[in-house]
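Here are my notes for you on this structure. Keep the model open as you read, and check each point against it.

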2 protein chains.
Amino acid sequence: MLKIAMGQMEVIPGHPDQNTAKILAMIAEAKEQGADIVIFPEMAVPGYLLGDTWEQSSFLKDCESYGQDIIAASAGITVIFGNIAVDWSKKNNDGRVRKYNALFTAQDGKLIQPDNMPYQYVIKTLMPNYREFDDTRHFFSLQKLARELGTTPDQLLSPVTVKVKGQHYRIGCLLCEDGWGDNYELEPFTLLGRHKPDFFVNISASPYTLGKNDKRNRVFGAQAQQAGVPLFYVNAIGLQNNGKTIYTFDGSSTAYNAQGHVVAVAPEYQENLALIDMGQIDKSKPVDKSTEKDIAHIYRALHYGVKRFLENIHMKKVVIGISGGIDSAVAAALYAKIIGPENLLLVNMPSVFNSATTKGLSQQLAHNLGCQYMIVPIQQSVDHTVDQLEHTPMTYLADDSISNLTVSSFVTENIQARDRSARVLAGAAAAFGGGFTCNANKAETTVGYSTLYGDQSGFLAALADLWKHQVYALAYYMNEEVYGREVVPQGIIDIVPSAELSSAQNVDEGKGDPIKYPYHDYLFRSFIERWEKAAPQDILEWYAAGTVEENLGCAPGLVAKYFPTAADFIADLERWWNLFCGMAIAKRIQAPPILAVSRRAYGFDHREAQNGPYYTRRYRELKAQLLER
Amino acid sequence: MLKIAMGQMEVIPGHPDQNTAKILAMIAEAKEQGADIVIFPEMAVPGYLLGDTWEQSSFLKDCESYGQDIIAASAGITVIFGNIAVDWSKKNNDGRVRKYNALFTAQDGKLIQPDNMPYQYVIKTLMPNYREFDDTRHFFSLQKLARELGTTPDQLLSPVTVKVKGQHYRIGCLLCEDGWGDNYELEPFTLLGRHKPDFFVNISASPYTLGKNDKRNRVFGAQAQQAGVPLFYVNAIGLQNNGKTIYTFDGSSTAYNAQGHVVAVAPEYQENLALIDMGQIDKSKPVDKSTEKDIAHIYRALHYGVKRFLENIHMKKVVIGISGGIDSAVAAALYAKIIGPENLLLVNMPSVFNSATTKGLSQQLAHNLGCQYMIVPIQQSVDHTVDQLEHTPMTYLADDSISNLTVSSFVTENIQARDRSARVLAGAAAAFGGGFTCNANKAETTVGYSTLYGDQSGFLAALADLWKHQVYALAYYMNEEVYGREVVPQGIIDIVPSAELSSAQNVDEGKGDPIKYPYHDYLFRSFIERWEKAAPQDILEWYAAGTVEENLGCAPGLVAKYFPTAADFIADLERWWNLFCGMAIAKRIQAPPILAVSRRAYGFDHREAQNGPYYTRRYRELKAQLLER
């Protein structure tokens, strides 16, 4: 009976040489194991998130050339793999050569042409161009090709027929999005199903986001059941990025039988060659769906993402500025696990505003981790900067008049933050032979509660796609499950979040950040993660209807607790909306890359322009009504 | 005879209220002037570059509501304008509500339906999704709609018939890209032309880039001539951005007569209501095409772009760190012209490595401009930082062993750069009540020849889309044409470019940057601005063929001058390619927004991933051959 190997491999974006070497090794392994067919992910040769590298002809030719090596290695086995396909005789809309996101089927050194296709490969039909995806920028779709050929996609969508052990198999081959098709004009899965393939193959390059795998199992399981044939989903592992946003690819390649049950799942974030015997697939017991908590998935994504990112940029040592607060503590615990405490330098940088409490908690954290530790006070440097700025004469050369700058306490707050990061941490990291981290969470990132070139800086913002409540959940998870002991001191979990940049932020007096996380985490989430993004008009309508907490998904009673009057509610809403659409965008433009775990991470998934805040006419009317009451 | 008013207006992205107020005012003015038809740009109500603001339903409804105001204002006049159109009953591919980039024609308070359309508006057919454009992410096209309706675009593409002074006019209405159509499957202009409209209207939201207007006059002139009817191109002015890249919209709205001659051009970057009498249009003399030098256009784009950007972010005062080099000097001369010398603070920040020469030139520049001036030495602070890093004990808490960091001279170079920007300039800017600039040029930006949180920082990188030779050209242009006197001292133009961060960069000994601008400007340009982006393989093939200078467009003889052997050439090529694909991307991710003047500015126009350098198989073969010779 047919044996199918699912080649869940790490795809290294932009490095066809390494990917091809891996594919060739896995083909050899699949042959050894007696596989008849081996399947590799979408874009397994070039990688998927490459920016405009697709505009380099020499790169495209290189991918074609490595593709030939893979085809040549298909003696005695059928190899299904993703690669870029180029039609050098035609043009894309941008005037450059036409490219297809393609699936190749090779056997005995030759390509097998899909039944009704004019090309020797299957072409991706549906081109995602939402969220972080940009397929239409680079690739020509089967739909467009069909139109050009004067036919329809369903005429071209056809199985690939392979002969194995004397028997013909009709394989329904799809690429990633083609298996979903929710909101498109057509559903390739359904169209292809009309040809009654013996089984489906979906090769994917699908980044991890929280909850994605549950949804995929529902959709793909139902499809397999409906068609009454098995479906093999083969996804890549690895780390790919589009500059601003970094994605982990979790693999989780899955085989579904004709009943739609999951019969095999490759482990997350591990290369894996799973062999499925088609004779046994209907007898296989359904694989238990994971009952793991979300935070376990998030931790695994963060661990893998940070580890691979460090390897990619050849960074072995890391410096973290620790304040005694939760974000830097969680970052420290995470990095210590990844690079080892000997390669982690924690630096506490007190000024006159830092309490003995947080200094002590910092020290305790460092002790718990057993890492490198330094205390670098910043007061002398901050005083020197303020002194220099205030006492250096400023001459107006039009009339040679002299004046002096005045440094306000607010300006001094930011001087402290920049002194810590751009002076101490950047210098210490360079001397230590590594980089320093940005520990911002998603709530701070939303409203730019940070200082540019201060705590907003670093080589990577690993926690910037986590809301504050997720950062706390991660602290508990690491203490309980990862370390099995209290690494992040309970005192750090319990203390009020505070920047400690002035006496107004004295933690010992219970003073801290202006962000009330139990409410604002959820308010801010509605700005960016909600399906139809919420804007002040929506939120004010909910306020008028008394459904704010319900719509935001936060605990009930918070609106009444924090905002006694409509005027308070509106002032708070406008304060943060103005920041979200204003200074926070300026800061995000210059922020470090963010590791994505949610749907809608900042950066390339949520595109934004520095256009300033806006309030609709309806909002202004509602506001006037509410304030009049 | 028909009188047509071309409403070249500033479109403020994301602010339908302000845009509608402007449109209403211009409608009133057009009526007063006796116009029969008044035309406004594409997306005149919402603006065009809005990021994912398109996903806010309340914003879409607001645009619809303001659109109603414009329709209501069309009593006694025909108003053509661009706005978003929403079909609330249908979905886009991303599952959100379906949106069209639409052209509305209103008369006497009612919309006029295009002859063959099921909607009351014209829908954009061609969706640019190359370079900085992302239309397919947000808007549903006429092509897709035609497919859904079971028809073809040419059935739907039809004139809008309006009745003016008792006579019917059939207007061929197009949106922006629809007038080009070079590489698309269909050409809306040609299809629409078959209906023999009385004249064409093209409403646009077309950002300025060098050379664009010349090309447009060729294309649109030829189209008008071919169709034998006039064409009115109405473009917006203003400043729009997608976060990383900022675009000026130059307007340059143009009327072409039936002979394809330019008969009227609105001034660049100015609001303008030009009235064209259709009775006179064929008798009009062709307007002389501009013979201005490129640098004049660039200066105008920079001046307008910086001015509007400062206004948008409410910044009135600016601090510039000046080194005595050309980039900061040109930036200073530019900003002084825009905000006035009294609002410009130049800061010279010498360390022990700065020569008397550059200190003197800095002073001279400041005197020439008559601005505010400060000298803030950084040596004491740099020494303090190095001392603190080297003498603070670092404890390894696993065994309580103590060690010390060592600060190398290279690390000290970057400490200087960060001390200048993140400590002095950021502090001085905050105290002065403004921001500080990033003065990087495009060559430095290409290879990351800069320090992150040092000279790479600032609120805007106004010169980062200019190659070094363009920066010099701008210096001459400003001295000669803008100021009419030597504002940028000749000494600054003549001195060797140098960062002066170590004794190895001593300008008095003629030492300076490792970038040889007369060659590297053009090498780097080929990486990003060339149509099919050049990569090492292409460049090595040119080297083997002896055609490097010809392909790069630089002066002949430079390759032989700089690189005696193939090994030298290859080492240089790989050095910069490794940086371009490596550390420079990390720096660009955190760089300030860039003002675009070229086709292919860094940021959103040139998308990139942090994937590290790659060399194709063919490159490695060629390299081996060349090194063997």
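1. First, some terms. Two strands pair if DSSP finds at least two bridges between them. Strands (E, at least two residues) and helices (H or I, at least four) are DSSP runs, numbered from the N terminus. In chain A, Thr161(A) has Arg170(A) in β8(A) as its bridge partner.

2. Know what you are looking at. This is a predicted model: local features need pLDDT of at least 70, side-chain atom pairs count only at pLDDT 80 or more, and totals for chains, interfaces and linings use all residues. Residues are numbered from 1 along each chain as its sequence is written, chains are lettered from A and ligands numbered from 1 in the order in which they are written, and side-chain values use heavy atoms, with hydrogens and water left out.

3. Stay with that strand pair. β7 (residues 160-164) of chain A runs antiparallel to β8 (residues 167-175) of chain A, joined by five bridges. Their hairpin has two residues between the strands, and Lys165(A) there takes a positive phi near 50 degrees.

4. Now follow β8(A) onward. It also pairs with β9 (residues 199-204) of chain A, this time in the parallel sense, over five bridges. Gly172(A) stands opposite Phe200(A) in β9(A).

5. Step back to the whole chain. Chain A has 22 helices and 22 strands. Its radius of gyration is 28 Å, close to the 25 Å that the globule rule gives for 629 residues, so chain A is as compact as a globular protein of that length. The radius is taken over C-alpha atoms; the rule is 2.2 Å times the number of residues to the power 0.38.

6. How many residues of chain A are in contact with chain B? The count is 118, and they meet 118 residues of chain B. Contact means heavy atoms within 4.5 Å. The two chains bury about 10,200 Å² between them, 50% of it on carbon and sulfur atoms. Buried area is the accessible area (1.4 Å probe) lost on being put together, summed over both parts.

7. Look for charges across the interface. The rule finds 14 salt bridges between chain A and chain B. Each is a side-chain nitrogen of Lys or Arg within 4 Å of a carboxyl oxygen of Asp or Glu. One of them joins Lys533(A) to Asp52(B), with the closest N and O atoms 3.9 Å apart. Helix α12 (residues 409-432) of chain A gives the largest share of the side touching chain B, 12 residues.

8. β19 (residues 394-396) of chain A and β18 (residues 372-375) of chain B pair in the antiparallel sense over two bridges. Tyr396(A) stands opposite Gln372(B) in β18(B).
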